[in-house]
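This briefing covers a predicted model and is arranged by topic. Please look at the sequence and the coordinates first.

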Amino acid sequence: MRDAGPLRIGLKYCGGCKPDYDRLAVVQTIEERLRGAAVFVRSDSRDLDLILVVHGCPTVCADLSAFGGSTIWSVAGPGDAERFIAHVLDRMQGHTQGRTCDLQES
Amino acid sequence: MMTAEQYEQSLRLLNFEVYMFGKRVENVVDDPIIRPSMNAVAKTYEMAQRPEYEDIMTATSHITGKRINRFTHIHQNVGDLVKKSKMGRLMGRATGCCFQRCVGMDALNALSIVTFDIDKKHGTQYNQRFIKYLTFVQENDLTCDGAMTDPKGNRALAPHQQADPDLFLHVVEERADGVVVRGAKAHQTGAVNSHEIIVMPTIAMRAEDKDYAISFALPSDAKGILYIMGRQSCDTRKLESGNLDRGNALFGGHEALVVFDDVFVPWERIFMFKEYEFAGSLVENFASYHRQSYACKVGVGDVLIGAAQTAAEYNGAERASHVKDKIIEMNHLNETLYCGCISCASEGHKEPSGTYVVDKLLANVHKQNVTRFPYEIARLAQDIAGGLMVTMPAEDDFTSPATGKWLNKYYAGNCDVPTMNRMRILRLIENLTLGTAAVGYLTESMHGAGSPQAQRIMISRLANMGEKKRAAQKLSGIEDA
Ligand SMILES: Cc1cc2nc3c(=O)[nH]c(=O)nc-3n(C[C@H](O)[C@H](O)[C@H](O)COP(=O)(O)OP(=O)(O)OC[C@H]3O[C@@H](n4cnc5c(N)ncnc54)[C@H](O)[C@@H]3O)c2cc1C
């Protein structure tokens, strides 16, 4: 079980060749809404709780080969981002209530 | 990898001999005509550093295992080829012009294949030399000019038949430590933004032309190399104050005639020497990769379509059904181009050297479409823009107390939009379809990586006619099909 601090989330982007939405704006929203619950760092950082992969479209082509064994959560649009935020908040709440953190890839 | 700033600094260390408007250019990097093209190459360095683009803009070197700029990468799988196409679109959209760095990448990949094949036949050591050179390029994150096109003189004659033997670059002296070459390469994209120049023959050759069958790489400021800059339509607008009339305020491209005035090339930088039977293979591999590289025009097309839509909105015409339909047509053509560059990459295969190469038939079909569709997209953009894109007065007239009020009054469109914004988007459309960027978006689409007929020859060679005939004959009931 991880300690009660904020989640360390590694941010990985696809290359953004023809994104359907503004990936940076969505990440900014995620960061703001999860302030206190999570800190966002580069995906090659150490001691990550999970990797958040931000894809620009449903092709979801980002290279994830470096993340074998890590917990990965993919978003490919603002709707996915909302689900991610809700999931993290829910799990963090569960954690403070004594449940374990079990973030899984969606 | 270098940052954009480090790239700019690295160019300042080069001692180029560059001429423009009849004079030597003393400070190439800061020259106002050349600098926007430097900005476009610098963008390939900047975007490789940004997390939101690195998945496309960088790759893992198969030699060192290090993270490198994709423009120095040798494609190791189909995924690499697909990412190359995506990178072209991404960069084209980010700069709205030719960002110049693809041609060197294509030269490197073609040489990785052909040096291996020459060695296999002749027992030479070219591939080993090439890998050493490639490592140097990757480790220093260099920009390379891919120099294939000779001036060619009389197109009906082979290199050795030309009245002036220098119309194709050739060997004039062999020494113990290397060779001396003479000739020129025309239309060289990004030449004075490049650290290195990689020379390749222009055409397939026979034994009589063996002195012309040479490929090598040199530092771009090597002794005896000089550059004469090409002009672009509207280029001197970059010398004016303000930036409205440039259309693209930040970026541009450039081409130059590169003269090799008896230039020494050491053996360790030579990757083909008189193996004339491989000249055609080098041309074909380079051309196939480079025809794929016209993925960049899809990104520039994105910019032009965005500009046309914006112009329509600023004019208050965006809801007209024919305008909507024209935007649909522009997108249809642009995405059809994207289909071509993605499909030739997706259908790529591994060569004996280990390098992946695109499907050559599909790459040629893609480039053939590129020789046409940007012209139609440009025509539709001009239709939507209206005549003001070519009759608009200068920026100074908009700021002049005598004329500014009239221009702001009479050139207003949708009253929610400042008149100057309307002018800006129209100038961008002018830039892309008639100005400096039309060099890249239109005429380069026509001739770059080979004129249309070059692709048609390849299509006729590569289309599997036997299989098509067999299919037809079988279905029609012909017995022995
Ligand atoms: C903007 C731009 C950027 C470029 N960048 C580069 C670069 O970075 N590196 C590089 O190496 N090259 C570059 N090129 C060169 C490009 O590959 C050539 O323009 C192309 O191969 C055509 O050659 P050409 O311009 O000499 O035209 P030509 O060869 O003169 O062709 C003109 C016409 O004549 C026809 N023709 C020519 N020869 C024959 C023949 N023997 N038989 C029948 N028909 C013939 C052609 O099909 C065409 O229709 C660039 C070109 C442009 C326009």
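What joins the side chains of K360(B) and N285(B)? A polar contact of 3.0 Å does, where a polar contact is a pair of N or O atoms within 3.5 Å; within protein, one must be able to donate a hydrogen and the other to accept it, and residues adjacent in sequence count only if both atoms are side-chain atoms.

This is a predicted model, in which local features need pLDDT of at least 70 and side-chain atom pairs count only at pLDDT 80 or more, while totals for chains, interfaces and linings use all residues. Residues are numbered from 1 along each chain as its sequence is written, chains are lettered from A and ligands numbered from 1 in the order in which they are written, and side-chain values use heavy atoms, with hydrogens and water left out.

**Chain B overall**

- Chain B holds 18 helices and 14 strands; these are DSSP runs numbered from the N terminus, helices being H or I with at least four residues and strands E with at least two.
- The radius of gyration of chain B is 24 Å, close to the 23 Å from the globule rule for 481 residues, so chain B is as compact as a globular protein of that length. The radius is taken over C-alpha atoms, and the rule is 2.2 Å times the number of residues to the power 0.38.
- The C-alpha trace of chain B spans about 75 × 70 × 50 Å along its principal axes.
- Of the 481 residues in chain B, 55% are buried (buried is under 20% relative accessible area, exposed over 50%, partly exposed in between, with a 1.4 Å probe and protein chains only).
- Among contacts in chain B (heavy atoms within 4.5 Å) between residues at least 6 apart in sequence, 76% join residues at least 24 apart.

**Interface between chains B and A**

- Twelve residues of chain B are in contact with 15 residues of chain A.
- The two chains bury about 1200 Å² between them, 50% of it on carbon and sulfur atoms; buried area is the accessible area (1.4 Å probe) that two parts lose on being put together, summed over both.
- E52(B), D55(B) and K86(B) supply 43% of the area that chain B buries against chain A, more than any other three residues.
- There are two salt bridges between chain B and chain A, a salt bridge being a side-chain nitrogen of Lys or Arg within 4 Å of a carboxyl oxygen of Asp or Glu. R42(A) pairs in this way with E54(B), with 3.2 Å between the closest N and O atoms.
- Six residue pairs, both at pLDDT 80 or more, are in polar contact between chain B and chain A.
- On the side of chain B that touches chain A, α3 (54-57) and α4 (78-95) each supply at least two residues. The largest share, five residues, comes from α4(B).
- That side of chain B divides into five nonpolar, no polar and seven charged residues. Ala, Val, Leu, Ile, Met, Phe, Trp, Tyr, Cys and Pro count as nonpolar, Asp, Glu, Lys and Arg as charged, and the others, Gly among them, as polar.

**Salt bridges within chain B**

- K83(B) forms a salt bridge with D55(B), the closest N and O atoms being 2.8 Å apart. The pair links helix α4, which holds K83(B), to helix α3, which holds D55(B), 28 residues away.
- K83(B) is buried at 11% relative accessibility, and D55(B) is buried at 2%.
- E430(B) and R237(B) form a salt bridge with a closest N to O separation of 2.8 Å. E430(B) lies in helix α15 (residues 419-433) and R237(B) in the loop between β10 (225-229) and β11 (255-266), so the pair ties together parts 193 residues apart in sequence.
- R427(B) forms a salt bridge with D245(B) at 2.9 Å between the closest N and O atoms, and both residues are buried.

**Individual residues of chain B**

- K360(B) is found in helix α10 (residues 360-370) and counts as buried at 16% relative accessibility.
- K274(B), in the loop between β12 (270-273) and α7 (279-292), counts as partly exposed at 22% relative accessibility. The side chain of K274(B) makes a polar contact of 2.8 Å with the side chain of E174(B).
- C341(B) is found in helix α9 (residues 321-346) and is buried, with a relative accessible area of 0%.
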